[in-house]
Amino acid sequence: MSARATRATSFGALLLARTWRDPRSRVASVVLALVALAALLAPLLTPYDPAAQLDIVRLRSLAPSLAHPFGTDPYSRDVLTRVLFGARVSLSIAFAAVALSISFGILVGVVAGYVGGMVDVVLMRLVDAALAIPRLLLIIAVVALWGSLSVASLTVLIAGVGWFTVSRLVRAETLVVRDRDYVVAARALGTSPWRHVLPNVVGPGIVNATLAVGNVILLEAGLSYLGIGVRPPTASWGSIIQDGAERVSDLWWLTVFPGLAIVVTVFACNALGDALRDALDPRQLPLSASEDLVHRP
Amino acid sequence: MVTTLTFVLVHLAPGDPIAATLDRPGVTEAVRQQWRESFGLDRPLSEQYVRWVANAARGELGYSFSHHRPVRDVLADTLPRTMLLGGLALVLSFVLGVLVGVLQAERPGGARDRWLGRVLLLLYSVPDFWLALVALLVFAYRLPIFPAGGIVDPVMHDYLSVGGRIADRLSHLVLPVLTLTLLSAASIARYQRSALMEVLPSDWMRTALAKGLSARAAVRRHAVRNALLPTITLAGLWLPTLAAGAVFIEKVFSWPGMGLATVNAIGARDYPLVTAGVLAISVLVVAGALLADIAVAIVDPRVRLS
Amino acid sequence: MTEPLLELDDLRTYFYTDTGVARAVDGVSFHVNAGETVGVVGESGCGKSVTALSILRLVRPPGRIERGSAIRFEGKDLMALDERAMQQVRGNRIAMVFQEPMTALNPVFTIGDQIAEVARIHAGMSRRDAWAKAVEMLTLVGMPAAEQRAGEYPHQLSGGMRQRVVIAMALVMNPALVIADEPTTALDVTIQAQILELLADLTRRLGTSVLLITHDLGVVAENCQRVIVMYAGEVVEEATTATLFADAHHPYTEGLLGAMPRVGSDAERLATIPGTVPPPTAWPPGCRFHDRCPYAWDRCAREHPPLYQLGGGHVSRCHLAEEPEHRAHPHPPLAAELGVA
C-alpha cells in the first residue's frame, strides 16, 4: 500500500498523526513555537530599543549581568534586545525566502515536467549550471557587486538561489504523475491536471521547506557575518556576531549568544524536518500480507 | 555554460572597476580613461567576453587591481593553500563520516545510533563560521593551545629549525582543518547512514546472516561495500560545500587562501580576480563530479564489466 | 526410534504491527529425520517462509518468536542458544537456500568470494584454502570452468547458475539440514527441474536432510518422502508422499490436489479453491478453513480442530476424522456463496 493510494485528506491526517507520535517533532515544534513567539513579542519582553545606544560612555561593552543578561555591545546597545529583535529579522527572512523559493521551484518543476520538450531541457540545463557554482559564492558575487541590499532584496536574492533543488524534485514527481491514467483522462476532459500533481508534491515539499528554513537562517547569518547580509544598525543574529567579530575574545557574548540562538532554532528545524521525512517514508506504513513481513529489516 | 554565467553575472553589476580603484584625488579623468583603454574596458561587452574566454583558455587571466599582480600569480599563491585546507578536510571528513555512519547502522535504532544521530544533527545545525569563532575563542584565546590565525607564525617561523617549522605549519593547520572537517563529516555521516539503511533490508544481507555472520560483520563487510558507492559520488560533488565552508574558515582564521581572496576582491571590485576565482572553483567542481563518476565506474563491478 | 534431526514444538511467530498482531506461525509442530527430504506446502500467506526463518532465528522485529516455542536440533533447543552460538549453527549445521538467486547474492563480491566466506567463517580457512574450497564446491554443483568463473560477479551469471552458487554456498560446511525456501519458483521451468535434480542428488550423496518449502505439489511429489501441508499459520495435514497423493484427508489438501494441472485430464478449467486466506491479524474462530470448505458444518465454525491421528504418521486437522459422514454431503463453500471467489 503506497501513500499515494490514499486520498489527500486522509494522507494529511495520517502524516500529522505519525509525525506527532515522534517525540522529536513534539519537542522541535515546541522549541520553534517558543522562538517564534519570542520574536513576535520582542517589544514586550524587553524595555530597550534594539538600536538605542544607552550610554556610550558607561554602558558599552559590558559583560553579561543581571541588568543586561546578554551584555552590551561597543555601541552600548543591549544585546538581549538585539537578539530578540534579531529573531524577527532572521526568521522573517527565512520564512519569506523559503516560501518564495518553494513556490517558484514548484512552478518551474511542474512546467518543466509537464510541458517537457525544449522548455524542459533549457530549464534543467540552467538549473544544473547554477548548481555547479556554490550557492554562497553566487550570493556573495551578486550582493557585493550590486552594493548594499535592503532586507527585502536580500530575501529575494536568497530565494533566487534556493529554488533549484525543489524544481528538480518537483519535476521528477510531475513526470511520474503525468503519464498516469487518471491524469491523461483529466487532460482529455479538459480539467486541470494540477489537482493531481500537487498532492504528491506536498509531502516532500513540506520536508524540504522545513529544512530550508534552517538552511536559510544559516546562510543569512553567514552573509551578515561577512558584512554583506543585513546591514547595520539592523540587528539580525548574524550581524550581531559581526559586531563582535573584531574582538572575539574580549566580547565573547556577542558571538556566543546569537550563535546559540541560531543553533537552537536550526536544530529544531532539522529535527522537525527529519521527523516529517520519516513519517512520509512509505516503508513504515502498516502492512497487510504477512509474507511481506518476512522481508522487513 | 558555467563560464558564460559567471561572466554575465560579474559584468552586469553596476560600478566601474577603474573608478573604484583609482578613486583618489590627483588622478584625472584622462588617466582613468587611459587605464580603461589599456584594459579594454571601453570595448563592447561582447568583445570583452570573447577576449576573456580566449585568454582564460590560454591561462591568461588578466590583472588583479587590488593585488597589483597578474591574476594568475595571485591564484598560484592562494589556490594551493585552499586546496591544502580543502583536501585535508575532504579526506578526513569522509573517513570520519563513513566511520560514524557505519557505527550507527550496525544497530539501527539502538542507543548508540540515536545518540550519535543527535550529536550529528546538532553539528549539522551549527553555522560554520560560528563554530570556527568558538573554536578560536576556546582553543586559541582562552586556552592558548593553537595559534589564532594565519598560515605560519609571522615572527618566529623563519628562525625555527626544520622540525620547528613543520610543527608550526601543522599547528596552524589544526583548527581550520578540524572545523571544516567536523561540519562536513556530520553531513556525510548522515548520508552514509541513510545509504546503509537503504541496503539493510536487501536479500543478500539476509543471506549473509544466514551464512552465520554476526549482524555487525554483515554490515561491515557486505553493506558497507554496497553503500560506499553513493558516498563516492557524493565525495565528488562535495566541493561546492567545501568551497563555501572554506570561505568562512579562511576569514575567521585569516588563512590566505582563495576563498578569502575572492571575498576581498569582491569588496574591492576587482573583477578579474573575482571572475577567475569563481571560474576556478567551478572548474574544480566539474572536475570533482567527473572524478567521482570515474571512481564509481571503477569500483562498481556492475558498471565495470558491462 | 532414533531422535529426529529437527523437531519443532508449538512454534509461534507473531508480528506486532500497527494494524494488530499477525500470528504468522501459530502453533506449528513437525519433525525432520536424518537423511529425509520433507516438503512443506501451502499457498502464500500460510506461514511456511516465516517458519523457515524462525528455525534459523532470522526473524526481525516487529516479528518475534514467542516464548514456549521449542526448536530442537541435534538434541539442543535452538531457542536457548545465545546469538553467538546461533551464528555457529547458521551456514554450518543448518543452511538456507533462498528463493531469489538474483538478489540473494551480493552484487559487489565475486561468487568465489561469497562461497569462500562461509569456509572462512566456520572452518577458519585461509583465503587460499577457502578459495580452493569454493572452486571445489562450484565444480560439485556442476558449474563449467569453475576455476575461472569463481572470479565472476553475480550479474554475469544466468538465474540457474546463480541458484547453483547459492546451493554451493549452502553445502560448503556439509550441514545436517538444508532449508530450501521456494528454490525454483523464480526460475524458468526447464531450469527448475535441473536445480531440483541437483539438489536431490547432492543431498542424497551427502546424507543431508532437506526441508523443501514450495507451493508446487508437483515438486513435492518428485522429491520428498514426507509432506506437511500448512494453512493459515498451522499444520493441517502431514503424511508420507505416497499417502498424501493417494489418500489425502484434509479438504484443503484435496483442493490443492484438484487444482494441480494434469496432462491428459479432460477438465476445461483448473479447479480453484474459492475464497482467500484470512488475514493473519484475525484468524477466524473454529476451523480456519471452514468458509472455503465444501464439507463444513456448524461444528467447524465453532470448534478449532486439533490434529487428529489417522495412523501411520498421517495426521489431519479436520473434524471429518471424527465425523466422516459429512464427506457425503458436499456443498458450495460459504465463500463461494458470498461471492468471494
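Tutor: Let's go through it by question and answer, keeping in mind that this is a predicted model.

Student: Okay, chain C to begin with: how many helices and strands does chain C have?
Tutor: Counting along the chain, we get both kinds of element. For chain C the tally is 13 helices and 13 strands.

Student: Why is chain C called as compact as a globular protein of its length?
Tutor: The globule rule gives 20 Å for 341 residues. The computed value for chain C is close to that, so the chain is as compact as a globular protein of that length. Its C-alpha trace spans about 65 × 50 × 45 Å along the principal axes, and 47% of its residues count as buried. The radius of gyration behind the comparison is 21 Å.

Student: Let's zoom in. How far apart are the end C-alpha atoms of helix H5 of chain C?
Tutor: H5(C) covers residues 127–140, which makes 14 residues. At 1.5 Å a residue, the helix should span 20 Å. The model agrees, with the end C-alpha atoms apart by 20 Å.

Student: Now the contact between chains B and C. Which helix gives the most to the side of chain B that touches chain C?
Tutor: The contact takes 18 residues from chain B and 24 residues from chain C. On the chain B side, H9 (203–210), H10 (215–237) and H14 (301–304) each supply at least two residues. The one that gives the most, with 6 residues, is H9(B).

Student: Last one: which element of chain A has the lowest mean pLDDT?
Tutor: Chain A as a whole has a mean pLDDT of 75, and its highest-scoring element is helix H12 (residues 252–280), at 86. Over residues 284–297 of chain A, though, pLDDT stays under 50. Where pLDDT is low, the predicted coordinates should not be read in detail. The element with the lowest mean, 31, is helix H13 (residues 290–293) of chain A.

Methods: Residues numbered from 1 in each chain as written. Chains lettered and ligands numbered in written order. Predicted model: local features only at pLDDT ≥ 70, side-chain atom pairs only at ≥ 80, totals over all residues. Contact = placed C-beta atoms within 7 Å. Helix = DSSP H or I, 4+ residues; strand = E, 2+ residues; numbered from the N terminus. Expected span 1.5 Å × (residues − 1). pLDDT = per-residue confidence, 0-100. Rg over C-alpha atoms; globule rule 2.2 N^0.38 Å. Buried ≥ 20, exposed ≤ 12 C-beta atoms within 10 Å, placed from the backbone.
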